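Work through the following exercises with the sequence and the coordinates side by side. Each task is followed by a solution that goes step by step.

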Amino acid sequence: MTQPHVAILDDEAEIRRILADALTEAGFRTSTFSRATEFEAALKRTAPDVCLVDLGLPDRDGLALVHRLALESGATIIIISGRAAASDRVTGLELGADDYIIKPFEPAEVVARIRARLRKSRPAAEAGGSVARFNGWEAQFDRYLLIGPDGTDVPFSHAEGEVLRLFLEAPKRLISRTQMQESLGGAAGESFDRAMDVRISRLRAKLGEDPKNPRLIKTIYGAGYIFLGDVSWH
């Protein structure tokens, strides 16, 4: 089996060393970067499975970088930052990060969270396939792409794809907030709920849904969501 590749972006050399050592010992392949420019140049040559991104970068706004990665990369994105305020965590998740770890951290916890994220994505991909069709739409999860009924390409982020796959694998069944939290990971609470609201709102917009009367992703207030489309996997 190919070793999962983790790209580490942090301007502190000691943090890079600690993370790289822990991940290498755990069986991961790593690459480390101190500046966003080096990191972005490397991404053009290779696609990592996971990106660990610090927000306090010397040459780029970390949150803007996370947002771009979420839109353009298929990697799992985990923020590792000394910013502990709830507003920072919420903003990071809203912009597309899959997880948020606060410094100082235990290296073993970082390894465990990465493994948990990879476990959540891989079995689902193997079980459900990489292409789903529903109501004239096609979702290509290997390309992070929606193709509309008129043939228009609509890209989606890794974080949005996690939620979309959850809906498409359980059509016409109620999915509660608790089920979403258990399936997608992350700590339950206001930050997680708000992040889910943002992802679902973006998915509805990409699917051309009327936000006041959505046809595909219905909110059942106080209970959760139901995806009403007819889904087939290929």
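**Exercise 1.** In which loop does Pro 104 lie?

*Solution.* The model is a predicted one, and in it Pro 104 lies in the loop between S5 and helix H5 (107-128). The next step is to inspect the peptide bond from Lys 103 to Pro 104, which is cis, with omega near -5°. As background, most peptide bonds are trans.

**Exercise 2.** Determine the strand order of the open sheet of 5 strands, and identify its edges.

*Solution.* Reading across the sheet gives the order S2-S1-S3-S4-S5, with parallel pairing. The edge strands are then strand S2 (29-33) and strand S5 (99-102), each of which pairs on one side only. On average, and with direction ignored, neighbouring strands of this sheet are turned by 20° against each other. Finally, helix H1 (residues 13-25) lies across S1, S2, strand S3 (50-53) and strand S4 (76-81), and runs at about 170° to S2.

**Exercise 3.** Classify the packing of helix H2 (residues 36-43) against helix H3 (residues 62-72), and describe the residues of the contact.

*Solution.* The two helix axes come within 12 Å and cross at roughly 10°. Because angles under 35 degrees count as roughly parallel, H2 is roughly parallel to H3. H2 contributes Ala 36, Phe 39, Glu 40 and Leu 43 to the contact, while H3 contributes Leu 65, Arg 68 and Leu 69.

**Exercise 4.** Decide whether Glu 94 is buried or exposed, and list what it touches.

*Solution.* Glu 94 lies in helix H4 (residues 86-94). Its relative accessible area is 15%, and since buried means under 20%, Glu 94 is buried. Val 90, Gly 92 and Leu 93 are among the other buried residues of H4. Leaving aside residues up to four places away in sequence, Glu 94 touches Arg 194, Val 198 and Arg 202. H4 is followed by Gly 96, whose phi is positive, near 120°.

**Exercise 5.** What are the phi values of Asn 135 and Tyr 144, and where are these residues found?

*Solution.* Most residues other than glycine have a negative phi. Asn 135, however, has a positive phi of about 50°; this residue is found in the loop between strand S6 (131-134) and strand S7 (137-140), and is partly exposed, with a relative accessible area of 42%. Tyr 144 likewise has a positive phi, near 50°, and its place is in the loop between S7 and strand S8 (145-147). Tyr 144 is partly exposed, with a relative accessible area of 22%.

How values were computed:
Residues are numbered from 1 along each chain as its sequence is written. This is a predicted model: local features need pLDDT of at least 70, side-chain atom pairs count only at pLDDT 80 or more; totals for chains, interfaces and linings use all residues. Side-chain values use heavy atoms; hydrogens and water are left out. Axes are lines fitted to C-alpha atoms, for helices over the stretch in contact, and angles run from 0 to 180 degrees between N-to-C directions. Helices (H or I, at least four residues) and strands (E, at least two) are DSSP runs, numbered from the N terminus. Angles under 35 degrees count as roughly parallel, over 145 as roughly antiparallel, 65 to 115 as roughly perpendicular and the rest as oblique. Contact means heavy atoms within 4.5 Å. Two strands pair if DSSP finds at least two bridges between them. Buried means under 20% relative accessible area, exposed over 50%, partly exposed in between (1.4 Å probe, protein chains only).
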